[in-house]
Amino acid sequence: MRAVALTLPLALGAALLVAAPAAATPQQKDQPQGWASVAGGTTGGAGGTEYVVRDRAELLAALDNGGDPAGRKVIRIEGTVNGHEAGDGTLLGEQDYAPGWDLSAYMACFVDGRDWSDTAHEWCKAQRGLRVQGSNAEKKQIQLTVPSNTTLVGEGTDAVLESVYLTVNTGSNIVVRNVHFKAPVDHFPSWSPDDGAQGSWNARFDAFTVVTGTHLWIDHCTFDDGDFPDSEAPAGFHGKPVGRHDGLLDLEDGTDYVTVSHSRFQGHDKTIMIGSGDGKGDRDRGHLRVTFHGNLFDSTQQRSPRVRFGQVHLYGNYFRASVGDPDYPLVSQSAGGSSYFLGMGLESKIVSEANAFEYTGPGASPDITVANLKGDQITDHGSWFNGRPVDLIAVARAKYRAASATAIAEAEAAGSAAPEWAMSGFTADAGWDPAHIYPYTVRKSAAAVRSGVLAHAGSGRGGHHAQRG
């Protein structure tokens, strides 16, 4: 095998072919557990060409792998790679993508925050065009696509992908380890006044999106909003900040055989989406098999994860949040909010085992653990809430009954048939058993889950040496 250190500008058309000494990288186990371990397993680019990258241009070249992007390769990230980095090393901003763009001017074109008008102000039509122009230009700049047979691993304890929209598009056999993802800020979010009771901002870029990808292992990574928390975003409509982030991790369009292990998801709103939409069952049924184990979900306001269609196994994860968090408060449905951890979506088949939930502050209750989003089945064994055993099934059953009653009443009022999920009845049988598919062990107490996750989850932490080529 050879090691390639990409250290010259791409304009010079060459890379130094030198031995790339490995920095001290946290020790980690070298094989996934869970869904990524079955049906042939997941090995990434082990045994292939090795690259060391330190900026966006070098990462792009390594992903291309000398014109053979699907060939085996191990790409080692040193330091911070910023998605906004131009060829000359400067960082691009919103005025580089769309000169003249003004978020405040764009918002002023919504009359009373509801209806867009090209004639409300003389600049409205131009701002509408600039928003689309800027969004497309930003996407072209920050989106980096990982091809098949790739290992992307951070060197040392400070490897960061900042403002990068990392994507997999039909790729297979991919390993991503020891990387801190600082989610991109969408400089050109769109306002949808009819989305929800008060309207909603829709940002375009996730930290990591997988579309029709198979056999992925995401291990010892950290995902958050970096230096741009929602609380510091510009003021939007109804006194709420402008939504500039989308998801941290989305798995869509038949993505399959995925394990997410020993990672941190922290300080974020729309955290993890599994499934493409309620109307996409033709793509997603029989796929979206995902395992989450040993992860920390810290102040993640919703979707930790939200599941449609998939067979999703969560074991030994630690969830914590506070009603009064200054940046990312979680307010459960029973307290008048919309926050939750596990989202039971349409035809979801979630198996939860030995997960520890901690939720504090006025009105905190186990209600935060599960939300019903057209789901009718879930299994749980041995989970805890604030250190004590919790009846997660009772919470899920109550949520289903309330959602079902609402859906049936709405159908009757409209003179239409009630949806099938609302009429099927709730069951505590997810319809599958992970123990019949792959081996795993669970911790025996909430304290053990908490201490284990806090000690080992996230980039810069771990056991055996990170995967070598």
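Thr-170 is found in the loop between β10 (165-169) and β11 (172-177). In this predicted model, Thr-170 has a positive phi of about 65 degrees, although it is not a glycine.

## A buried loop residue and a cis peptide bond

A positive phi also occurs at Ala-354, where the angle is about 50 degrees although the residue is not a glycine. Ala-354 is placed in the loop between β28 (349-353) and β29. Is Ala-354 buried or exposed? Its relative accessibility is 3%, so Ala-354 counts as buried, since the limit for that class is under 20%.

Another backbone feature concerns the peptide bond that joins Ser-304 and Pro-305, which is cis, with omega at about 0 degrees. Most peptide bonds, in general, are trans. Pro-305 belongs to the loop between β23 and β24 (306-307).

## The parallel sheet

Eight strands make up an open sheet with parallel pairing, and their order is β7-β10-β15-β18-β21-β24-β27-β30. At the edges stand β7 (143-145) and β30 (370-373), each of which pairs on one side only.

## The mixed sheet

A further open sheet is formed by 10 strands in the order β4-β9-β12-β17-β20-β23-β26-β29-β32-β33, and its pairing is mixed. Its edges are β4 (80-82) and β33 (388-389); each has a single partner strand, so one side of each is left without a neighbour in the sheet.

Inside the order, strand β12 (residues 180-182) pairs with strand β17 (residues 222-224) in the parallel sense, over three bridges. Here His-180 stands opposite Thr-222 in β17. Helix α8 (residues 446-456) packs on this sheet, touching β20 (264-270), β23 (296-302), β26 (318-322), β29 (356-360) and β32 (384-385). The direction of α8 makes about 90 degrees with that of β26.

## The cavity

How many cavities of 30 Å³ or more does a search of the whole structure find? The search finds one. The largest cavity holds about 40 Å³ of space. Its lining consists of Tyr-318, Ala-356, Phe-357, Glu-358, Trp-384, Phe-385, Asn-386, Gly-387, Ala-446 and Arg-450.

The elements that each give two or more residues to this lining are β29, β32 and α8. Strand β29 supplies the largest share, three residues. By class, the lining of the largest cavity comprises six nonpolar, two polar and two charged residues.

Definitions and conventions. Residues are numbered from 1 along each chain as its sequence is written. This is a predicted model: local features need pLDDT of at least 70, side-chain atom pairs count only at pLDDT 80 or more; totals for chains, interfaces and linings use all residues. Side-chain values use heavy atoms; hydrogens and water are left out. Two strands pair if DSSP finds at least two bridges between them. Helices (H or I, at least four residues) and strands (E, at least two) are DSSP runs, numbered from the N terminus. Contact means heavy atoms within 4.5 Å. Axes are lines fitted to C-alpha atoms, for helices over the stretch in contact, and angles run from 0 to 180 degrees between N-to-C directions. On a 1 Å grid over the protein atoms alone, a cavity is a set of points where a 1.4 Å probe fits but cannot get out, and a pocket is an open set with protein on both sides within 12 Å along at least five of seven lines; lining residues have an atom within 4 Å of a point. Grid points are joined across faces, edges and corners, and a volume is the space filled by probe spheres set on the points. Ala, Val, Leu, Ile, Met, Phe, Trp, Tyr, Cys and Pro count as nonpolar, Asp, Glu, Lys and Arg as charged, and the others, Gly among them, as polar. Buried means under 20% relative accessible area, exposed over 50%, partly exposed in between (1.4 Å probe, protein chains only).
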